[in-house]
Amino acid sequence: VAVQALPDDIRPAIELPTSDAPVTIEARNISKQFGGHTALHPTDLIVRRGEVVVILGPSGSGKSTLLRTLNWIEPADDGDIRIDGESLPWRFANGRRVRRGDAAINRTRQRIGMVFQHFGLFKTYTARENVALGLIKLKKMPRAEAFAKAEALLTRVGLSKQVGAFPVELSGGQRQRVAIARALSMDPVALLFDEPTSALDPETVNEVLNVMTTIAHEGVTMVVVTHEVGFARRIADRVVFMEAGRKLMDLPVARAFSAEAPERFRAFLRHID
Ligand code: ADP
Ligand code: MG
């Protein structure tokens with residue numbers, strides 16, 4: 001997707017909350033290029049404990065790149081990321097930064113859960129097994145305990161009757177709820193969602209948005225990339241707007257959806273309505 005360059009005179013509208021909740025994710029000056037194309041210009045993102053940050057923006061504006069650098073799926077070219085105050089470790093290889101392949105980085109990355117557009121469940125495993133797998137393999141939890149925890153998590157996302165079902169027996173919305181339960185299983189300090197409802201049939205979108213709303217109200221720290229503007233208005237504490245690899249807006253939700261918001265964001269809203 002070709003992205004138009006922005007005129008230099010566009011000033012971002014940024015006002016971070018003054019809340020004194022501890023900072024869960026602190027990304028400073030992170031940037032990313034792909035083969036000479038800047039997908040993400042140097043960007044800061046601060047997410048406090050319990051906050052829900054929704055990222056909106058046109059396709060190709062760098063939303064996924066920003067999200068993926070936060071848990072180091074995609075190492076940022078520059079900048080720093082701290083999760084609960086702990087820096088994500090990296091090293092240089094051939095002049096580029098790469099993830100350190102050691103236990104420390106894996107532990108840190110496990111503290112951030114991720115939910116993708118495509119659910120990534122194991123087809124030959126039941127819902128319960130899909131959720132329990134990380135607990136058994138990564139957390140070394142005894143099987144019986146892991147299965148009990150998996151069932152409790154599946155109940156939390158409204159799937160108590162589907163614990164023994166295989167992915168093929170579940171609707172898209174149910175599969176995505178299994179993926180959310182799986183992400184929650186690792187007791188993450190935050191969950192990142194990259195367009196979690198974009199691959200779903202319209203009739204199952206709401207069941208996933210409702211589960212996300214429930215866990216947000218339970219206090220789970222979340223960063224959500226979505227095109228569901230109505231959902232963003234209901235759930236977000238803060239709204240970030242990306243365009244052409246830049247964060248053009250980062251405002252408390254009430255101000256983001258007011259006449260004070262930057263014209264480019266208001267034009268975006270008019271365009272997708
Ligand atoms: P969004 O999620 O907002 O649609 P992305 O973060 O996926 O945007 O992409 C931002 C820009 O970076 C786009 O121009 C896209 O083509 C490019 N890009 C993203 N990932 C890659 C990649 N792995 N390789 C090359 N270019 C990429
Ligand atoms: Mg994307």
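An open sheet of 7 strands, with mixed pairing, runs in the order 1-13-12-4-11-10-9. Its edges are strand 1 (13–14) and strand 9 (112–115), each of which pairs on one side only. Strands here are DSSP runs of E with at least two residues, numbered from the N terminus, as are helices (H or I, at least four residues); two strands pair if DSSP finds at least two bridges between them. The model is predicted, so that local features need pLDDT of at least 70 and side-chain atom pairs count only at pLDDT 80 or more, whereas totals for chains, interfaces and linings use all residues. Residues are numbered from 1 along each chain as its sequence is written, and chains are lettered from A and ligands numbered from 1 in the order in which they are written.

Within this sheet, strand 4 (residues 52–56) pairs with strand 11 (residues 222–225) in the parallel sense over 4 bridges, and Val52 lies opposite Met222 of strand 11. Strand 4 also pairs with strand 12 (residues 238–243), again parallel and over 4 bridges; there, Leu56 has Phe241 as its bridge partner.

Strand 12 is in turn joined to strand 13 (residues 246–252) by 6 bridges, and these two strands run antiparallel. Val240 has Asp250 in strand 13 as its bridge partner.

In a regular strand, side chains alternate between the two faces of the sheet. On strand 4, Val52, Val54 and Leu56 lie on one side and Val53 and Ile55 on the other, and all are buried (20 or more other C-beta atoms within 10 Å of the residue's own, with C-beta atoms placed from the backbone; 12 or fewer is exposed, and in between is partly exposed). Strand 4 is thus mostly covered, with 5 of its 5 residues buried.
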